[in-house]
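Subject: Structure handover, aromatic contacts

Hello,

Here is the structure for your set. My notes on its aromatic rings follow below.

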Amino acid sequence: MALSSGGMASLRLPLRFLPASFSLSSSRLLFKKPLTFVPRSLMATVASSDADWRRVASGTVPPYSVFTKPIQKSQQDDRDYRIIELSNGLQATLVHDAKADKAAASLDVAVGHLYDPDDMPGLAHFCEHLLFMGTEQFPRENEYSEYLAKNNGASNAYTSTSNTNYYFSVATPALSGALERFAAFFHSPLFSPSCTSRELNAVDSEHKKNHQADMWRIFQLNKHLSKPGHVWSKFGSGNRESLSKAAKDLKAKGLLTESSVLSRPASLAPSPIPSRISSPAPSIASTNSELEADGGAIGRETRRRLVEWWSKEYCASRMRLCIVGKESLDELSDIASTLFSPISNRGRDALPMLPEHPFGPQEKGTLVSVQTIMSFHALEISFPLEYQAPFWKHKPSHFLSHFVGHEGPGSLYSYLKNKGWATSLSSGPQNLARGFSMFKITVHLTEDGFKHYRDVVLASFQYLALLRASKFDAFHQREVAKVSEIRFRFKEKRRPDDYATWISEHMAWPVPKDLLLSAPQITWEWDGEGGEAQVKEYLESFRITDGRVVLMATAAEHAKVASNAAWEKEPWYGTDYRVERFDEQFIKQAQAPNAIPELFLPGPNEFIPTNLDVEKRDVTEPLKRPHLIRETPLSTLWHKKDDRFFVPKAHAMIDFRSAIGNVSPRASVMTKLYSDIVNDSLSEYAYDADLAGLSYNLMSHAGGLFVSINGYNDKLIVLVKHVLEKVKRLDVDPQRLAVMKEQNKREWENFFLGQSYSLSDYFGRYIMTEQQWTLEEKLKELASITPEEVKAHIKQLLSQVHVRTLVTGNIYKDEAIQIAEIAEEGLGISPLSPIELNDRALILPEASNHAWTCPIPNPNQANSALTYYIRYGPIVDQPLRVTAALLTQILSEPAFNVLRTQEQLGYVVHCSAWVLPGASEKGMRIVVQSEKTPGYLEERVEAFLDGMKSTIENMTEEEFAEQKNGLEKKWLEREKNLADETGRFINHINTGHLDFLRKENDAGLLKNVTKDDILKLFLSHVHPASATRSKLSVHMVSQKPRPKKVSAAASQAFETLLREAKVEVDETAWKESLGGDGTPLATDFANYWKQVFASKENAVKLLDAIPELVEKHPVEGEGKDRVHADISYIKDLKEFKASLTPSMDPGPMVQWGDLPVSRF
């Protein structure tokens, strides 16, 4: 496939082409669009003259300049836009949305981790973390997050290579207050010394979370293999050691004393106002963290360097702001100028460029083999490319990716797939940083494809040779341009924080300012300005001698193709790799003209829509739900003709429910394999449809098969017919079945090498689901399944189904009925009722406290995890449902603040509602991933919950009203686009509850909920002392040995020994020397005292006591967990599940009466 753009938090990677097992489904994991530097004095060529700016100065608002030309926007877009520039050089795009019920802002700073000091890798990322820890105006460190949480808001940030982006969303009435808190981060942050050590831990924890993730490991390896001295090689994530080493080196040289730290310039003095509230139930570890919060002299020097860097690099002229709100443009302009003008302009280069490419002669023409943690085979070919932002008009590298990433007949992927070598292929440009780019081709290989990786490389270069030798037909570029224009013309709204982030990043593109919205999205037709010439120029440079090939697989797989290879290690992640140059014979083959007859260029795309008409009727109020327009013994059809968004798009969702699909582990595997084979068989046909904005998705689930088709409605039924024909009548190809089996085997085995919290959640849901098969059970069945068995299985499944169909959008009843009839054709009726085909959860008994413990399979995974589940009860109980939702909201922000920010348990901390399978049962789940043991994590969760009793009791009526108001706004928030609305409808149809107006009705009941209701539910269902609550916890335990640390109790015991032996003790000296969080490594602790005792022979023998004291007084959360008498530890999961009662399915919770008399 050809790839498009996006981003990632908290440290963001450019686009990586890695296996589907990494689940890179979120658009935020795709590559970001580029930035570039165009001084105002040079803007005439890309933007506008000073005549296009108007100065505004009035009253108490600081003056600013307004760009006067209208911003080109989509015909679909009913928002108003304005670009302004403040006197300090900060530029802002203001978006007035009169219909908005959610506001947002994003501020992009044109420095990222490539601008880190050489001796402090990760400093930009550390700055992003610490910046949020309070400001002079709002010193409490969780003031910002708490304000947003009470106003249906959220925030995040990410550090990329050349920029750092901060963003938030909030209910529209609260925008001004949110902006006031947000702006202060950029002109008066505290960088609180009390938070220094904790946020160093947070960065360190984030790095350790990623340490076993191949995506991060390979990304850093590619950076490591840059030409010597290039900034691209920097370690952007950072960890505690990389950020502290410079200060430690000064300390080791005797250059870091208290007076030297204080004498070094630092622009921000510690605030006299405390920025944090301590944990309501502090542990010994968190209390010790309080005492060592600034990290001693090393921590203070690290903070000083951070402040020094921020004071230099965070310059107003480097900042681009976007605000989306309901206020008028004049009001938004005044707010922006008032709140953001205090940011200093430090006279820095507004958009610093990095024009030198990291690929030098030694990096080109090489094969890099890399050992992966997860089991997969992939091959990536990279070519150096100039910075792509200036070529926004014709986007030549995207034009090339249209061909290289094509999946239709004649494509490279089609050839490799038919050879049995590939499971997917993607290509496209990747802007590595502001100044240089890369063009990449990534192929995910089968096991046989890995053995033939050299042939895959040669085939790729044969396809490039074909492109070099071809003359592109006019329709090729015209189609690309036309599709982009249609997409822009009918672009729908999306989440405002996503939109604000997209705009703030793209404000730095070198385009005319009036094309800010259109230039990144539209491709113009070639007009003689060199579009095709540039494409040919790039193709000439895409040679094997100018690129790099990266071959990815496990060590065992690499041994099969290179048994005696010598491996090196990348320094930050320890990734094993080796580099070799291609031999002359291979280079000669790769440079040859195309000799593969199966390769040819794609023909015209028949799926490009031609009928884009939309009937827009004025309605007093849009319909709030779909209507049941057809019902047979075999199916139900729900339909809603769009009356809100008025785009030429539609959605058809078809759920084939059958008990056959999941009746056994083997049946479950066959259902999954069949869906994979159908998808595989459709790839060539459906690719053109996907390019033209019409896509489908077929997936298996516990209840059968689910088909979703969406996009421009013009040719939607054509795709529906073809997809459903394949679903019902596909012959199972033995060769492709073998590929699908291999792919599923890898995916399921790799799952256990993923994040620890994913495993604890997986087992939590497994325990609470009536009928679910473990991956181990599925893996046992996989190998022996035959093509004939799969075909027989799917025939039986389709002979016993009930079909639930939803059709929405620019499509009428008669067309919707046609889709339902196509879906029904050839199917048999299930003997079970629709309610009996719904998923069911299991119910924890009242007054139960269970835990299940499991070791983590990956021996190198340092993190353990806890999933902590509390049952509320049946979702059909509306008062309980509403009260529970409010209680969960009240607990969520404090859980993050206490468990992550204050106690620093780990990077991943989350508290949320948990709706179980079938959506008939609801509870609350707290997830923590940490280097601490899960038993200790559970103790800290329960201490937090115990502390929340007084928090709820002491909550003022005003605070309680704010919480209710925030939840009400969340429930009443309108969908932003047709897909959002359709998603809400299908959720209620799939569950069978049909409660389409639930949020609106619950918001009405919410007004009657009292604080006493919340406290009663908390004390009965959540508080650890409750005699009636139902709780389950899952403990995933890391098997990686941790280096011994010295606890506060152990160090105090050792100091006591020293005093008893009449040895002088300076308590502050050793703590200052070792720095950190007050729990040094036992080896460092022993080495320190060994040096101190060098001249005191009578004290040396005291060193022998250190190991014993470390064992006697372990650091909290390390070692073995305590066994709690009040917890029932599960020994047999199957037996435990069999003891639980299945949930009751309520069936339709509302009788709509759309079809008052059934005809059947």
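How many aromatic pairs does a search of the whole structure find? The count is 44. Please keep in mind that this is a predicted model.

Two of the pairs are described here. The ring centres of phenylalanine 235 and tryptophan 572 are 4.2 Å apart and the planes meet at 15 degrees, under the 30 degrees cut-off, so the pair is stacked. Phenylalanine 235 counts as buried at 2% relative accessibility, whereas tryptophan 572, at 30%, counts as partly exposed.

For phenylalanine 1054 and phenylalanine 1085, the centres lie 5.5 Å apart with the planes at 70 degrees; that angle is over 60, so the pair is edge-to-face. Phenylalanine 1054 belongs to helix 33 (residues 1048-1060) and phenylalanine 1085 to helix 35 (residues 1082-1092), 31 residues apart. Phenylalanine 1054 is buried, with a relative accessible area of 0%, and phenylalanine 1085 counts as buried at 2%.

There is also an aromatic cluster, formed by Phe132, Tyr144, Tyr166, Phe168, Phe182, Phe185, Phe186 and Phe340.

Finally, charges over rings. Arginine 578 has its charged end over the ring of tryptophan 567, 5.5 Å from the ring's centre. Lysine 1137 is placed over the face of tyrosine 766, 3.8 Å from the ring centre.

Regards

How values were computed
Residues numbered from 1 in each chain as written. Predicted model: local features only at pLDDT ≥ 70, side-chain atom pairs only at ≥ 80, totals over all residues. Heavy atoms only, no water. Phe/Tyr/Trp six-rings, centres within 6.5 Å; stacked < 30°, edge-to-face > 60°. Buried < 20%, exposed > 50% of the residue type's maximum accessible area, 1.4 Å probe, protein only. Helix = DSSP H or I, 4+ residues; strand = E, 2+ residues; numbered from the N terminus. Lys NZ or Arg CZ within 6 Å of the ring centre and 35° of its normal.
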